[in-house]
Amino acid sequence: MMSYLSFRAMVFVLVFGLYCLLLADATGGTPGVQSCGCGSTCSAAGVATYKVEFNAIWPLASYVIPRFAHWSRLVGASHSACAVLWRNNIQCSPGIEAMAEFGGTGTLNSEVTALGSQHRPPTIEVTSGIGSAAGRRSTMFTADRYRPFVSLTSMIAPSPDWFLGVDSVPMCNGSRWVQSVTYDLLPWDAGTDGGLTYEAGDVDITPNGNTVRIRPSNTNLATNLYQSGVTNPAPMGELIFTFLSVDTAASITDPNCTPCTSTCTKSYDVLVDTRKAPETYVSNSSTTTGAPQTTTSTASSVTPYTFVGILFTLVVSAIFCRW
């Protein structure tokens, strides 16, 4: 018959084993890797290189196409979770205002540079716009575990202050780089001009309003953007992100982010445009060169705590069976 002391010992070992298993799950397989503010949990190795392609669609079935329809240069940055280039329901910066109203990128580039290398690698910018309603442009950029988010914008032109873009979309999930993901894009209003039609005159808003999604029902924002009767518009464009390679030997500077302000604690999940396809992830065994791999599962979280927990659980099972 089991003694009282033996029973207490068995309970202790069982509890300790379960604790180790829970600790293993909490560490996510990457103890020691610190996230960079605002809940970033990227622990992927190296500096990843991506291709981003802007596919401008402007489908006639959903949108009125004005004279001289075109797009400004795609501009943005890969950055830390503490950096905000634009965001839903807050006032935009002068750089976003210039991009949305005139297609200018100089001020926005200066704002990105002012973030400092602590929060971003170099600016992402396509060298030229798209001179028609439909077309494609692409460029490459880099990301690392401290700067795994990407924000991009392009002006809908001509327009008062309308644009397409994504805010802080992640290129990393845990210890894996996203291999490929596509985002559908719908129109935004920068809140800086009160014009309601594509070629409306300049109607400055002072003070600026907030950046908001333009929906077919928002006739206070636009009256000739959508075709009559449209309630569920097709995407006006899409951004296609494709992993190219990762340099695991590259030096990565820890930005040592300070605690974030309330502005950047807003969840990007409610701000990004609809994903057209689910992400796929690059295998942890990726090298510095070669084609992207087709791994679609997330990384496992096996740590030394896992093995300790299993060992102690087996010991308890053996003792229990003996008694």
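## One disulfide

The count of disulfides comes to one, where a disulfide is a pair of cysteine sulfur atoms within 2.5 Å. Its partners are Cys42 and Cys172, with sulfur atoms 2.2 Å apart. The link is right-handed, with 95° about the S-S bond. It joins distant parts of the chain, 130 residues apart. Cys42 sits in the loop between helix H1 (4-27) and S1, and Cys172 lies in strand S8 (residues 172-173).

Are these two cysteines buried or exposed? Buried means under 20% relative accessible area, exposed over 50%, and partly exposed in between (1.4 Å probe, protein chains only). Cys42 has a relative accessible area of 5%, so Cys42 is buried. Cys172 is buried too, because its value is 11%.

## The model

This is a predicted model: local features need pLDDT of at least 70, side-chain atom pairs count only at pLDDT 80 or more, and totals for chains, interfaces and linings use all residues. Residues are numbered from 1 along each chain as its sequence is written, and side-chain values use heavy atoms, leaving out hydrogens and water.

## The whole chain

The protein chain has four helices and 13 strands. These are DSSP runs, numbered from the N terminus: helices are H or I with at least four residues, strands are E with at least two. Of the chain's 323 residues, 45% count as buried.

## Two cores

A nonpolar core is a set of buried Ala, Val, Leu, Ile, Met, Phe, Trp, Tyr and Cys residues joined through side-chain atoms within 4.5 Å. The largest one holds 44 residues. Which members touch the most others? They are Trp177 and Phe241. Several strands give two or more residues to this core, including S1 (47-56), S9 (176-185) and S12 (237-247).

Cys92 counts as buried because its relative accessibility is 12%.

## Aromatic pairs

The structure holds 11 aromatic pairs. Rings of Phe, Tyr and Trp (its six-membered ring) pair if their centres lie within 6.5 Å; planes under 30 degrees apart count as stacked, over 60 as edge-to-face and the rest as tilted. Why is the pair of Tyr183 and Phe241 edge-to-face? The planes stand at 85°, so the pair falls in that class, with ring centres 6.2 Å apart. Tyr183 belongs to strand S9 and Phe241 to strand S12, 58 residues apart. Both are buried.

These two residues also belong to one aromatic cluster with Tyr50, Phe141 and Phe243.
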